[in-house]
Amino acid sequence: MFGRKIKILRLSGFDVYVDASWLVLAALVTWSLADSVFPMMRPGLPKATYWYMGLGGAIGLFLSIVLHEFAHSVIARANGIRMRGITLFIFGGVAEMMDEPPTPESEFKMAIAGPIMSVLVAGVCYGGAVVLSGPMEVVSVTLRYLGQINLLLAGFNMVPAFPLDGGRVLRSILWKVQNSLKKATHVSSIIGSSFGLFMILVGVVSILTGHFVAGFWWFLLGMFVRSAAQQSYEQVLLRQYLQGEPVARFMNRNVVTVPPDLRLDEFVQNYVYYHHFKAYPVVSEGRLLGIVSVESLRGIPKEQWATLTVADAMEPCDGTNSIPPTLDTLQALSLMARQGKSRLLVVDNGEMIGMISFRDIMEFFNLKVALDESIP
Ligand SMILES: [Zn+2]
């Protein structure tokens, strides 16, 4: 979903990205505006005019979403939450946070800022539509549409289903009242995923009754809301259990190492097929030289495995594959996600002291969740 994104502008310190999927939305919006929405709102104009209006509407929608996310970002920054930037994708936009809001108050303000901005933008659009209704009717009709869209944007986002803005508002209130972020997230994410399910059902019913495009849209949006709701609860738990825990707690100290002069075919036979690990530190006389993984073999043709050694295939140890033992486990997880690696070397002063794997962290996490849930 967030695969190919291009940075298109920088707005008071925030980078605005457009995901490739947004272009699909932009094309669909332009087409449906020019083909049906505007001809219905104001019949009798030339076809080309409708296309200009459609394009204007799509650009206006783009700006509306950017302003909505910009409002979230500005308020978040003012409350000390670091932001990664604004990304527009097929379902609208998202202001990506690097941290979770520290207090219920900061979450409330940050969440409500977006819908408030959309209501304000709607007001400006309607105002403009009234002023221009005589001299520039075409612009006026486009603005009237943008006014509606911004109200819709505010309304949809205020549905109290986490992670929509309304869900965040609900969570911040529950968080304040119950004094537990975990419980608040649990409740609001259940509502969020139920709402997602409801949208999926609406989608299915619409498709069955012949409203294919709208139905498909509801279905996709429902799937998105549902998975986002479930993921965000998991993330809160992860944060709660793993933040502040150094990786040294979860690392495996009995690491299988390989010597640098080992032939690659032997490495595959005697290590990869035997231990089933994906990565092995390369160690010679107690010194850490690098790391060799199943991935590093991929670029080397099989015929050469009998002549090349581990030293030829290994990668040097750097910030992408090794971490200090004091690093926060949550940060280790996000490094794994960024680098697409499931294992990291734990290195202290140039010496390898262990290895940490995604699986080990998750096993601990699942155990913790299971134990926590069994206690009333
Ligand atoms: Zn929002």
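Two strands count as paired when DSSP finds at least two bridges between them. In this predicted model, strand 5 (residues 279–284) and strand 6 (residues 287–293) are joined by six bridges and run antiparallel. Ala-279 faces Ser-293 of strand 6. The two strands form a hairpin with two residues between them. In that hairpin, Glu-285 adopts a positive phi near 50°.

Ser-12 sits in the loop between strand 1 and strand 2. Most residues other than glycine have a negative phi, and most peptide bonds are trans. The peptide bond from Phe-162 to Pro-163 is cis, with omega near 10°. Pro-163 belongs to the loop between helix 4 (137–157) and helix 5.

The domain assignment divides the chain into domain 1 (5–158), domain 2 (177–242) and domain 3 (247–371). The centres of domain 1 and domain 3, taken over C-alpha atoms, are 45 Å apart.

Strands of a sheet pair through backbone hydrogen bonds, either parallel or antiparallel. Strand 2 (residues 14–19) runs parallel to strand 3 (residues 83–89), and three bridges link them. Val-16 has Ile-86 in strand 3 as its bridge partner.

Two packed helices are described by the angle between their axes and the distance between the axes. Helix 1 (residues 20–41) packs against helix 2 (residues 47–78) at an angle of about 130°, and their axes are 8 Å apart. Angles over 145 degrees count as roughly antiparallel and those from 65 to 115 as roughly perpendicular. Helix 1 and helix 2 are therefore oblique to each other. Their crossing is right-handed. On the helix 1 side, the contact includes Trp-31, Leu-33 and Phe-38. On the helix 2 side, Tyr-50, Trp-51 and Leu-61 are among the residues met. By class, this contact of helix 1 with helix 2 holds 14 nonpolar residues, three polar ones and no charged ones.

Helix 2 has a further partner in helix 3 (residues 104–131). The axes of helix 2 and helix 3 come within 8 Å and cross at roughly 145°. This crossing, too, is right-handed. From helix 2, the contact residues include Leu-67, His-68, Glu-69 and Ile-75. From helix 3, they include Lys-109, Met-110, Ile-116 and Val-121. The contact of helix 2 with helix 3 has nine nonpolar, five polar and two charged residues.

Helix 5 (residues 165–178) and helix 6 (residues 181–208) form another packed pair. Their axes cross at roughly 150° and come within 8 Å. The crossing of helix 5 and helix 6 is right-handed. Helix 5 contributes Gly-167, Leu-170, Arg-171, Leu-174, Trp-175 and Gln-178. Among the residues of helix 6 that they meet are Leu-181, Lys-183, Val-187 and Ile-191. The contact of helix 5 with helix 6 divides into seven nonpolar, five polar and two charged residues.

A further open sheet has three strands in the order 7-8-9, with mixed pairing. Strand 7 (322–323) and strand 9 (351–357) are its edge strands, and each pairs on one side only. Strand 7 runs parallel to strand 8 (residues 343–348), with two bridges between them. Ile-323 has Val-346 in strand 8 as its bridge partner. Helix 11 (residues 329–339) lies across strand 7, strand 8 and strand 9. Helix 11 runs at about 130° to strand 8.

Conventions
Residues numbered from 1 in each chain as written. Predicted model: local features only at pLDDT ≥ 70, side-chain atom pairs only at ≥ 80, totals over all residues. Domains from an automatic or database assignment. Axes fitted to C-alpha atoms, helices over the stretch in contact; angles between N-to-C directions. Helix = DSSP H or I, 4+ residues; strand = E, 2+ residues; numbered from the N terminus. Parallel < 35°, antiparallel > 145°, perpendicular 65-115°, else oblique. Left-handed = near helix turned anticlockwise from the far one by under 90°. Contact = placed C-beta atoms within 7 Å. Nonpolar A, V, L, I, M, F, W, Y, C, P; charged D, E, K, R; others polar.
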